[in-house]
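Here are my notes after going through this one.

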Amino acid sequence: MEYVGRVPAPPLDRFIDDIYCLTGVPGHRRMVVPPMPSAHLVINLGEPARLWDSDPSVPPEVVSDGWFVGLWTRRFLYEYPTRARLVGVHFKPWGMAAFVDMPATDLRDRWVPVDAVWQGSVDRIRNRVGEATSAAETLRILEEELRSRLVEAPSRGLDLVQHVGGWLETSHGAIPVGALSDAAGVSGTTLATQFKAHVGVTPKKVARIYRFAQLIRSVDALRPVDWSELALVAGYFDQAHFSKEFKDFTGHTPTEYLALRRRMPAEREFPPDDGPMPAP
């Protein structure tokens, strides 16, 4: 598949990591997506995709025109159609709050149709991007749509979350939550309340996801992996806790995960966050 992406121009870059086009025949149809520090918007121009939650009580779903995906705190499985054609947005964990008028907790661990969030918009957006003749034009149209949706004056709470979230992003979740609230000049309760409102989870959970993402990005499947050293560098000081969290987030032990990565390597340059992995 071909992945063409770029960081949008300011002020969108305060809330978005990248916007992208994805087209072609998937090298791997099924991908396990662990918790990663991003929320998503997907506009699908091809055949429907399928999604399975790792929570067995949640039924699988066929998704077609477009959907929002809030921050996920557990893994899910995504199955591409035979040929993929979609455009999308990787929001920062707090980024979606600047574009949608919906509580972040209503989007956490969920895929929600675009029309349920931006009423009556998905057909118009699909038609516009579907008529584009190049990836550059597609991304320009998508950026234009996002700019029109950006809240002109984000709430003070979102400014606080964005500021603190930036520290978590640059430190890969290594700053203690107590130090975050002290540096921000607010109580831990206030910080947790604002994160729940704008991200859907506490800053402690966001830190855990950033820490896990840093660990995954540090894995070079072509070389021997010292899991204890990687875990320590990423901020895991308890080996038992690391092993449990790794299994919860990926569905595999570290040894199983590495064997899978070596047996089914991800496509080059895709995806950009190195989190999703082929499912056998």
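This is a predicted model: local features need pLDDT of at least 70, side-chain atom pairs count only at pLDDT 80 or more; totals for chains, interfaces and linings use all residues.

**Notes on the fold and some local spots**

1. Let's begin with Val 100, which sits in the loop between strand 9 and strand 10. Despite being a loop residue, Val 100 is buried, because its relative accessible area is 11% and the cut-off for buried is under 20%. Setting aside neighbours within four places in sequence, its contacts are Phe 68, Leu 107, Val 117 and Trp 118.

2. The protein chain contains ten helices and eleven strands.

3. Asp 109 is in the loop between strand 9 and strand 10 too. Its phi is near 55°, which is positive although the residue is not a glycine. Is Asp 109 buried or exposed? Buried: the relative accessible area is 11%. If you are checking backbone torsions, this is one to look at.

4. His 172 also has a positive phi without being glycine, again near 55°. This residue is found in the loop between helix 4 and helix 5 (177-184). His 172 counts as partly exposed, with 31% relative accessibility.

5. One more backbone item: the peptide bond from Pro 10 to Pro 11 is cis, and its omega is near 5°. Pro 11 belongs to the loop that links strand 1 (2-6) and strand 2 (16-24).

6. Now the helix packing. Helix 4 (residues 156-171) packs against helix 6 (residues 188-198) at an angle of about 100°, and the axes are 9 Å apart. So helix 4 is roughly perpendicular to helix 6, given that 65 to 115 degrees is the range for that label. By class, this contact has seven nonpolar and four polar residues, with no charged ones.

7. Which residues of helix 4 and helix 6 meet? On the helix 4 side they are Gly 157, Leu 158, Leu 160, Val 161, Val 164, Gly 165 and Leu 168. On the helix 6 side they are Leu 191, Gln 194, Phe 195 and His 198.

8. Arg 149 lies in helix 3 (residues 135-149). It is partly exposed, at 23% relative accessible area. Leaving out neighbours within four places in sequence, Arg 149 touches Ala 98, Phe 99, Trp 118, Ser 121 and Arg 124. Trp 118 turns up among the contacts of Val 100 as well. As for Pro 103, the C-alpha atoms of Arg 149 and Pro 103 are 16 Å apart, and the two are 46 residues apart in sequence.

9. On overall dimensions, the radius of gyration of the protein chain is 19 Å, which agrees with the value near 19 Å for a compact globule of 280 residues. Taken along the principal axes, the C-alpha atoms fill a box of roughly 50 × 50 × 35 Å.

10. Buried residues account for 51% of the 280. Of the contacts with a separation of 6 or more, 74% come from residues 24 or more positions apart. The accessible surface is about 13000 Å², and carbon and sulfur atoms hold 52% of that.

Technical notes
Residues are numbered from 1 along each chain as its sequence is written. Side-chain values use heavy atoms; hydrogens and water are left out. Axes are lines fitted to C-alpha atoms, for helices over the stretch in contact, and angles run from 0 to 180 degrees between N-to-C directions. Helices (H or I, at least four residues) and strands (E, at least two) are DSSP runs, numbered from the N terminus. Angles under 35 degrees count as roughly parallel, over 145 as roughly antiparallel, 65 to 115 as roughly perpendicular and the rest as oblique. Contact means heavy atoms within 4.5 Å. Ala, Val, Leu, Ile, Met, Phe, Trp, Tyr, Cys and Pro count as nonpolar, Asp, Glu, Lys and Arg as charged, and the others, Gly among them, as polar. The radius of gyration is taken over C-alpha atoms; the globule rule is 2.2 Å times the number of residues to the power 0.38. Buried means under 20% relative accessible area, exposed over 50%, partly exposed in between (1.4 Å probe, protein chains only). Accessible areas come from the Shrake-Rupley method with a 1.4 Å probe; for residues, only the protein chains shown count as cover.
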